[in-house]
Amino acid sequence: MPPLGLAMVAALTPPEVEVSLTDENVTVIDFQKEIDLVGITVLTNTATRAYKIADTFRAKGVKVILGGSHPSALPKEASQHADSIVIGEAEGIWAKVIEDFKANKLKKIYSQSAQPSLLNLPIPRRDLFAKGAYYFRNTISTTRGCPFACSFCSVTSFFGHSYRCRPVEEVLKELDTMNHKKLICFVDDNIVGKPKFAKELFRALVPYKLKWISQASVTIAGDDELLELAVASGCKVLLIGFETLSPANLSALGKKINMIDKYEKVIKKIHSYGIAIHGFFILGLDEDDKDVFKRTVSFAQEMRLESAQFAWPVPYPGTALGESLDKAGRIVTKDWSQYETNVVFEPKLMSQEILQLGHKWAWLEFYSLLSIWRRLGIIRGYSAQLWMLNLYYRFFWRRKFETNKDRKKHE
Ligand code: B12
Ligand code: SF4
């Protein structure tokens, strides 16, 4: 997916300023290019690289501004690598940053005093995305934040405990600039966070004849009208955080909307509307012993989830989980480059090595050919795309682990 946040920052830039966008996932950064100002989006797992890029530009005398989740959580740390930090969303701040830059009066930190309005947002500069470089190019955001507050999630710490929706007619105006024939991905954290808004949006989408995917909470299964409208407007896949099969874990995560004994019902209901489910699971939480891997994968297989992701807990700075693990002295490194690639905390009921191995096994097992076959069956119609996605995950994880030896070791 392309960096929609940066395309929005570009759109918020005054029109007289010439802007270019480089995504290092798909292109090489030209450090020799003549530029006056660099803005970089920073997630925790990209912070080490982002700081290096920032240091390189600053050594050449180019001013650098950092924004996004990580600098917003750790502005002091990020400040060491930047001329300015933008905490929170860019709307309502960025034009002032540019003005101050032009006047050579950049402040060290720019912070939102209140959450910016989502009225009259400009259309993100998708024209700046590298051509042909992305599988999902059609990303669009309709809401910001999430009404819930799970302890491991950066969304609450970044957006506060709130949920803001864009006017539906403005979303439609933006959609009018996009390719309706290609799959649309609503990058909202929870597209059904406010059912009234979601229904209004889905109703308005029906004539567009789209195919779309998004993230949603399990709550969607309790509202038939919402499900009907989702299908009628072209919903094909919902990405849903089930997180864990342990009630004690769930309560520690503060995910009050999930009820484990209802998971089967929720999944069957959503499936009955012809919507595929991509499940998210976290392995290695405090109540998990080494049986968690098989238990979780078997559940996802029995439920015939069309796809799934297995993660271990990541103590992102600014989150309640990050803070409590830090306080307990259980975070083993703050080398951000290891976040996502390694287990960076001490699990309670297993070693870091077992968690790392069990996690790999879960991916390899869930995406084994037999498992894909049992979950998806024969290829027909839309399931061809789900097969492709599953085969992609299979290829990706097998290549990542090179051999199946970790799977054997785990077993
Ligand atoms: C879509 C999405 C993805 C997509 C696309 C990412 C991309 N290329 O942009 C995919 C699926 C690929 C993805 C992958 C990952 N993601 Co992601 N993703 C999101 C999601 C749901 C929406 C992001 C989005 O597009 N929002 C809409 C745009 C308009 O907003 P925005 O990006 O936040 O940008 C605004 C501000 O942040 C700010 N801003 C951002 N950058 C900058 C830069 C400057 C200079 C300025 C001034 C302002 C500024 O201004 C923008 C306009 O207001 C967010 C959740 C969220 N709501 O933030 C998680 C989120 C960003 N992802 C997260 C994570 C953890 C990941 C992964 C590590 C997951 C994984 N295990 O693989 C990977 C890492 C990707 C990578 N680059 O290495 C975490 C980050 C936590 C953290 N502290 O770092 C988030 C917050 C989710 C969460 N629940 O915690 N992700
Ligand atoms: S429901 Fe999802 S987006 Fe909302 S706080 Fe929990 S994990 Fe984050």
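Predicted model: local features only at pLDDT ≥ 70, side-chain atom pairs only at ≥ 80, totals over all residues.
The shell around ligand 1 divides into 19 nonpolar, 12 polar and 5 charged residues.

In total, 36 residues surround ligand 1. The closest are Thr41, Thr44, Glu91, Asp189 and Glu340. Which parts of the chain supply this shell? Helix α1 (4–12), strand β1 (37–41), strand β2 (63–67) and helix α6 (154–159) each give at least two residues. The largest share, 5 residues, comes from α1.

Now some individual contacts with ligand 1. At methionine 1, a backbone N or O atom sits 3.3 Å from a nitrogen atom of the ligand. Threonine 41 places a polar side-chain atom 2.8 Å from a nitrogen atom of ligand 1. In the case of glutamate 91, a side-chain N or O atom is 2.7 Å from an oxygen atom of ligand 1.

Please keep glutamate 91 in view for the next part. Glutamate 91 has 5%, so it counts as buried. Arginine 144 has 13%, so it is buried as well. The pair also belongs to a network of salt bridges that links Glu89, Glu91, Arg144 and Arg164.

Across the whole structure, a search finds 19 salt bridges. Let me show two others. Glutamate 174 forms one with arginine 166, the closest N and O atoms being 2.8 Å apart. Glutamate 174 counts as buried because its relative accessibility is 2%. Arginine 166 counts as buried because its value is 5%.

The other example joins the side chains of arginine 330 and aspartate 286, at 2.8 Å from N to O. Here too the pair links distant parts of the chain, 44 residues apart: arginine 330 lies in the loop between α13 (320–327) and α14 (352–366), and aspartate 286 in the loop between β11 (276–282) and α12 (292–302). Arginine 330 is buried, since its relative accessible area is 14%. Aspartate 286 has 27%, and therefore counts as partly exposed.

On to ligand 2. Which residues are around it? They are Cys146, Phe148, Ala149, Cys150, Phe152, Cys153, Thr156, Asp189 and Lys255. By class, that shell has 6 nonpolar, 1 polar and 2 charged residues.

Last, the surface. Leu370, Trp373 and Ile378 make a nonpolar patch of about 320 Å². Tryptophan 373 lies in helix α15, which covers residues 369–376. Why does tryptophan 373 count as partly exposed? Its relative accessibility is 44%, and partly exposed covers the range between the buried limit of 20% and the exposed limit of 50%.

Terms used:
Residues numbered from 1 in each chain as written. Chains lettered and ligands numbered in written order. Heavy atoms only, no water. Patch = residues over 30% accessible without salt bridge, like charges linked within 9 Å, V, L, I, M, F, W, Y side chains within 5 Å. Areas by Shrake-Rupley, 256 points an atom, 1.4 Å probe, with all protein chains shown as cover. Salt bridge = Lys/Arg side-chain N within 4 Å of Asp/Glu carboxyl O. Helix = DSSP H or I, 4+ residues; strand = E, 2+ residues; numbered from the N terminus. Buried < 20%, exposed > 50% of the residue type's maximum accessible area, 1.4 Å probe, protein only. Near = heavy atom within 4 Å. Nonpolar A, V, L, I, M, F, W, Y, C, P; charged D, E, K, R; others polar. Polar contact = N/O pair within 3.5 Å; in protein donor to acceptor, adjacent residues only side chain to side chain.
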